[in-house]
Amino acid sequence: MKKTILTGIRPTGKLHLGHYFGATKNWVLLQDEYNSFFEIADVQALTDNFNNPEKVRESVRDIAIDLLAIGINPEKSTIFIQSMIPEIAELTIYYSNLVTIARLYRNPTIKTEISQKKALFGNDGESVTYGFVGYPVSQAADITAFNGELVPVGEDQLPLLEQCREIVRKFNSIYGETLKEPEAYLSKTKRIKGLDGNDKMGKSLGNAIYLRDSEDEIKKKIMGAVTDTNKIKKDDPANPDICMVYYYHQLIKSEDLNNICNECKKGLRGCVQCKKELIENMNKFLNPIKEKAKYYEDNPEIVDEILINGTKKAKKVAENTMKKVKKAIKIDYYD
Ligand code: ATP
Ligand code: MG
């Protein structure tokens with residue numbers, strides 16, 4: 001039997017190269033080996049975007065299109081929308097009795113995120129919402145509703161999975177062996193850097209190339225990418241290891257990498273030429289993804305059908321878990 005893997009994606013924008021090389025590229029490979037569920041976590045996205053529902057709504061479709069465009073195959077994988085499965089919200093309520101507020105506040109991921117969200121919560125954290133600190137509980141519901149055995153995570157998200165495992169253990173110890181304890185599927189890929197040289201490419205950092213950026217956007221972004229600042233003239237030798245243009249040449253596996261590197265070191269290659277080559281290669285790399293995305297953009301009813309069918313399939317699994325959970329908690333009245 002294939003193991004079940006549950007992947008959650010918060011719909012708060014489109015996917016960029018950081019997502020692709022950092023995570024989503026591997027998901028495409030995993031779908032053959034595992035029973036894969038892809039949850040578009042709109043309820044979770046609303047915990048810190050409750051005042052911006054349009055953004056979440058629009059992004060649900062964008063994420064679905066991006067996933068299909070990179071090669072997530074709806075014949076193999078189940079793509080579904082979190083809010084369309086009320087059992088997840090129901091489970092969250094029961095699990096919330098099994099975790100203390102103090103424990104949630106001590107969760108390192110939550111701690112970091114609260115301090116990063118000063119604009120939303122204020123410096124003193126006074127306006128941190130119940131929904132936000134509680135999102136690890138809802139995440140435990142996401143995972144267990146589908147009997148998730150593996151959850152792909154980056155290192156920064158390990159504390160969330162640990163929280164889920166604690167809830168599962170507590171549930172099983174009080175109500176009897178009911179839920180499966182999931183394990184982390186730790187991504188081996190490193191953080192992908194931004195165009196500005198920042199250690200992380202990120203939406204909110206404004207340093208990202210999106211999978212569906214137009215050729216004009218790609219050109220503008222790459223022409224502005226950070227290179228070795230010591231190189232002033234075209235024939236100055238430079239250090240490719242601190243150049244973002246060389247970094248992306250490597251990332252998308254441009255041809256003649258050794259040549260690019262040597263020419264740069266020897267001052268035989270100007271940055272403008274190097275950027276133009278990267279633009280060309282980036283277009284070659286992204287065009288097939290964009291073409292596939294365009295097909296889904298032009299045929300929104302196909303995307304709808306995939307989401308409706310995926311959600312139906314996922315809901316059946318969640319209903320089954322809900323039954324077991326209600327029975328265990330002895331609230332299975334008149335079943
Ligand atoms: P924001 O700036 O709004 O936080 P983001 O660009 O960081 O957005 P998220 O939606 O927070 O995107 O990313 C979700 C997940 O995607 C991260 O937890 C991480 O696993 C992965 N990811 C995002 N950016 C990168 C990156 N630059 N390199 C590797 N993985 C990334
Ligand atoms: Mg982020």
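Biologist: Which residues of α14 are buried?

Modeller: The buried set in α14 is Cys 274, Lys 275, Leu 278, Ile 279, Asn 281, Met 282, Asn 283, Leu 286, Ile 289, Lys 290, Ala 293 and Tyr 296. Buried is under 20% relative accessible area, exposed is over 50% and partly exposed is in between, with a 1.4 Å probe and protein chains only. Helices are DSSP runs of H or I with at least four residues, strands are runs of E with at least two, and both are numbered from the N terminus.

Biologist: What sort of model is this, and which atoms do side-chain values use?

Modeller: Residues are numbered from 1 along each chain as its sequence is written, while chains are lettered from A and ligands numbered from 1 in the order in which they are written. This is a predicted model, where local features need pLDDT of at least 70, side-chain atom pairs count only at pLDDT 80 or more, and totals for chains, interfaces and linings use all residues; side-chain values use heavy atoms, without hydrogens or water.

Biologist: Back to α14. What do its buried residues pack against?

Modeller: They pack against α1 (17–33), α3 (53–70), α11 (215–223), α12 (244–251), α13 (257–266) and α15 (300–329). Contact here means heavy atoms within 4.5 Å.

Biologist: How many residues does α14 have, and what is its span from first C-alpha to last?

Modeller: α14 has 28 residues and reaches 38 Å, close to the 40 Å expected. The expected span is 1.5 Å times one less than the number of residues.

Biologist: Where does the kink in α14 lie?

Modeller: At Leu 286, shortly before Pro 288, and the kink is about 35°. That bend is the angle between axes fitted to the seven residues ending there and the seven starting there.

Biologist: Is Leu 286 buried or exposed?

Modeller: Leu 286 is buried, at a relative accessible area of 0%. Leaving aside neighbours within four places in sequence, Leu 286 is in contact with Leu 17, Ile 209, Tyr 210, Leu 211 and Ile 218.

Biologist: How many residues of α12 are buried?

Modeller: Seven of the eight, so α12 is mostly covered by the under-20% rule. They are Met 244, Val 245, Tyr 246, Tyr 247, Tyr 248, His 249 and Leu 251. What covers them includes α1, α13 and α14.

Biologist: Different topic. How many disulfides are there?

Modeller: Zero, counting a disulfide as a pair of cysteine sulfur atoms within 2.5 Å. Cys 243 is in none, and its nearest cysteine sulfur, that of Cys 271, is 6.0 Å away. Cys 243 is buried at 9% relative accessibility.

Biologist: What surrounds ligand 1?

Modeller: The residues around ligand 1 include His 16, His 19, Gln 157, Arg 191, Lys 200 and Lys 203. A residue is near a molecule or strand if one of its heavy atoms lies within 4 Å of it.

Biologist: Which polar atoms of His 19, Lys 200 and Lys 203 lie by its oxygen atoms?

Modeller: A polar side-chain atom of His 19 is 2.9 Å from a ligand 1 oxygen. For Lys 200, a polar side-chain atom is 2.3 Å from an oxygen of ligand 1. With Lys 203 the polar atom is in the backbone, 2.7 Å from an oxygen of ligand 1. A polar contact is a pair of N or O atoms within 3.5 Å; within protein, one must be able to donate a hydrogen and the other to accept it, and residues adjacent in sequence count only if both atoms are side-chain atoms.

Biologist: What is phi at Asp 256 and Lys 330?

Modeller: Asp 256 has a positive phi near 60°, and Lys 330 has one of about 65°. Asp 256 is in the loop between α12 and α13 and is exposed at 54% relative accessibility. Lys 330 is in the segment after α15 and is exposed at 66%.
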